[in-house]
Each structure stands twice: as structure tokens, then as C-alpha cells.
Amino acid sequence: MPKLNLFLSSKNADIKPSLEDLRKEIGLIRKEQTKALMLLLCNLLAHPNQSIRASRKTSSMINKRANPQGVGSRSIVSSMDALNTHGYIILEMGAYLDNKQTTISATTKLIDWFKANHWHEDDIDIFDGQYVKLRLNEDKRSFVDFEDTEYSLWLSKELEQYSSLLNKSDIRLMDKHGNIEKEYKNHCISRTFIKHKSHPTNGEFLFGGRMAPPWVNLSKEQRKRILINGEATIEIDRPASHVNAMYEVITGQPYSDGYPYDLSINGSLVPRYAFSR
């Protein structure tokens with residue numbers, strides 16, 4: 001289930017009049033609410049047949065990196081409520097005790113509105129992609145601002161290029177009958193690092209980081225049905241992938257002499273845990 005993406009917007013001037021008409025119809029007044037409405041519509045257009053996790057917390061979104069458009073949380077909530085009241089979305093309220101999150105999903109009325117006003121997924125732009133994220137390792141997991149390092153700048157540039165490559169590719173998930181089940185567009189692949197209390201000064205990006213594409217939750221059988229530019233994909237499970245990747249970067253080819261962790265130096269087997277040091 002996707003989470004509300006704060007990086008989506010549209011620069012297409014042709015859809016602005018219909019956005020303004022909808023704003024008036026559902027009774028939104030402030031400019032900030034119009035920005036929030038655009039954000040919600042872009043997310044619903046990108047996921048027409050899915051529920052989207054959308055928090056209703058009204059705490060201030062002060063993290064510029066995580067919210068580059070400066071969309072206020074109260075404006076998001078009021079826009080969601082207005083869309084729900086007028087039948088454009090289904091709003092299912094979450095419950096903390098039941099461990100259930102609030103979700104929104106497009107109704108047939110909204111999908112018909114998109115078609116009537118010529119809104120297409122190609123109209124959606126990634127406003128300002130956050131390719132490197134830093135999250136606090138606390139009970140309230142939240143993203144925080146950080147000072148860029150040489151590594152974070154390099155990694156952000158690489159991830160931007162990777163996302164651009166994906167966005168130029170035709171990526172589709174097919175069902176068992178060969179029909180299109182989902183198309184993957186508007187990628188902003190990010191890598192999230194965890195900030196621990198024990199980190200050394202300026203050491204936020206020294207320890208790993210996770211990166212997940214939008215198809216990460218698909219089953220093994222579903223992933224076999226992904227087509228990229230019309231061609232079937234092959235999932236390669238490379239043993240000892242980290243060591244193998246480093247070996248290929250240095251030598252230009254994968255390690256082919258057995259299992260990479262079975263390494264002997266001067267006749268002595270190097271313990272596997274030594275590779276993590």
C-alpha cells in the first residue's frame with residue numbers, strides 16, 4: 001500500500017482550470033488548500049485502484065527535505081475531508097489501538113472526473129525528489145534535515161540518474177492472462193539511512209541504508225511477470241552479493257572461483273564475520 005507522496009505535482013497548465021473548478025465545487029478557499037488538493041489528486045491519479053496511506057496528524061511539516069513543496073498538514077486534512085464529503089474519495093479513518101492507518105482511495109466519480117477533464121498520469125511531475133533520507137531511530141520515526149556530505153551528494157546524483165532511467169523505461173506488471181495489471185511510472189527511488197544515538201559526528205551515512213523500488217512487495221511469482229520495455233525480466237540471486245559486487249567493481253567481472261566467503265590467505269581460512277569489519 002503506497003504512502004502519500006509529498007513530491008508529486010503537475011506543471012501542466014491545461015489541467016489548472018479544472019483544478020480551480022473542483023476547488024470551488026468542494027468549498028476550498030485558501031491557496032494552501034489548492035496546493036494540497038493538487039498533491040492529493042496527483043497521488044490518486046497515480047494509484048487509481050489502490051488505497052493510499054495518508055496521515056491526518058496536524059503537526060507542522062518543518063522538514064524541508066521531506067516536504068519540499070511546503071504543503072501544510074492541516075491543508076491536506078481539510079482537502080481530504082472536502083473530497084470525501086463530495087464523494088470523490090473514500091476516506092477510511094485509522095485507529096491507533098487497532099494498529100490501522102488512515103487511507104484514501106479514488107471513487108468512480110473521481111476517476112470519471114479525471115477522464116472528463118483529461119488528466120493523465122503523464123501530467124504528473126516529481127516536484128523535487130528526495131533521493132537520500134535520514135530518519136531518527138526513535139519511537140516516533142520521523143525524517144530529519146541534515147547537512148550534506150560528499151557521499152550524500154554523490155549518492156543523490158546517482159539515484160537521480162537511476163530514477164530517470166526507470167522513468168524513461170516502460171515497466172509493466174502483467175497478470176496471469178497476459179493483461180496489464182499495473183504500470184510503474186514517476187519513480188523517485190530513495191535510500192533511507194537511520195540516525196542512531198551512537199553515531200559518531202557526521203557519521204549518519206556510514207552504516208548501510210535501505211532502498212526499495214515500488215515493486216518490492218510483489219511476490220516471487222508476480223515479479224516473474226514484470227516486463228521492461230516489452231521484455232521479460234530475470235531475477236538474479238547472486239551469492240554473497242556485497243562481496244561479489246565489490247569484486248566486480250574492482251575487477252570488472254563477477255567472482256567465479258567458488259563461494260566468495262570461502263577465502264583463504266596463506267592457507268588459513270578467513271572467518272566470515274571478518275568481512276563485516
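**Exercises on aromatic, helical and loop contacts**

The charged end of Lys-182 lies over the ring of Tyr-184, 5.5 Å from the ring centre; a charge sits over a ring if NZ of Lys or CZ of Arg is within 6 Å of the ring centre and within 35 degrees of the ring normal. The model is predicted, so local features need pLDDT of at least 70 and side-chain atom pairs count only at pLDDT 80 or more, while totals for chains, interfaces and linings use all residues. Residues are numbered from 1 along each chain as its sequence is written, and side-chain values use heavy atoms, with hydrogens and water left out.

**Exercise 1.** Determine over which ring the charged end of Lys-109 sits.

*Solution.* The ring is that of Tyr-88, and the charged end of Lys-109 is 4.5 Å from its centre.

**Exercise 2.** State how many aromatic pairs the whole structure holds, and classify the pair of Trp-113 and Phe-114.

*Solution.* Step 1: rings of Phe, Tyr and Trp (its six-membered ring) pair if their centres lie within 6.5 Å; planes under 30 degrees apart count as stacked, over 60 as edge-to-face and the rest as tilted. Step 2: the search of the whole structure gives eight aromatic pairs. Step 3: the ring centres of Trp-113 and Phe-114 are 5.7 Å apart and the planes stand at 65 degrees, so this pair is edge-to-face. Step 4: ring pairs also join Phe-146, Tyr-151, Trp-154, Phe-193 and Phe-205 into a cluster.

**Exercise 3.** Describe how helices α2 and α4 pack.

*Solution.* Step 1: helices (H or I, at least four residues) and strands (E, at least two) are DSSP runs, numbered from the N terminus. Step 2: axes are lines fitted to C-alpha atoms, for helices over the stretch in contact, and angles run from 0 to 180 degrees between N-to-C directions. Step 3: α2 (residues 31-46) and α4 (residues 108-116) pack at about 95 degrees, with axes 11 Å apart. Step 4: the two helices are therefore roughly perpendicular (65 to 115 degrees; under 35 is roughly parallel, over 145 roughly antiparallel, the rest oblique). Step 5: Leu-41, Leu-44 and Leu-45 of α2 meet Leu-110, Trp-113 and Phe-114 of α4, contact meaning heavy atoms within 4.5 Å.

**Exercise 4.** Is His-187 buried or exposed, and which residues does His-187 touch?

*Solution.* Step 1: His-187 is placed in the loop between β8 (180-184) and β9 (191-195). Step 2: its relative accessibility is 3%, so His-187 counts as buried (under 20% relative accessible area; exposed over 50%, partly exposed in between; 1.4 Å probe, protein chains only). Step 3: leaving out residues up to four places away in sequence, His-187 touches Ile-126, Ser-163, Leu-166, Asn-167, Ile-171, Pro-214 and Trp-215.
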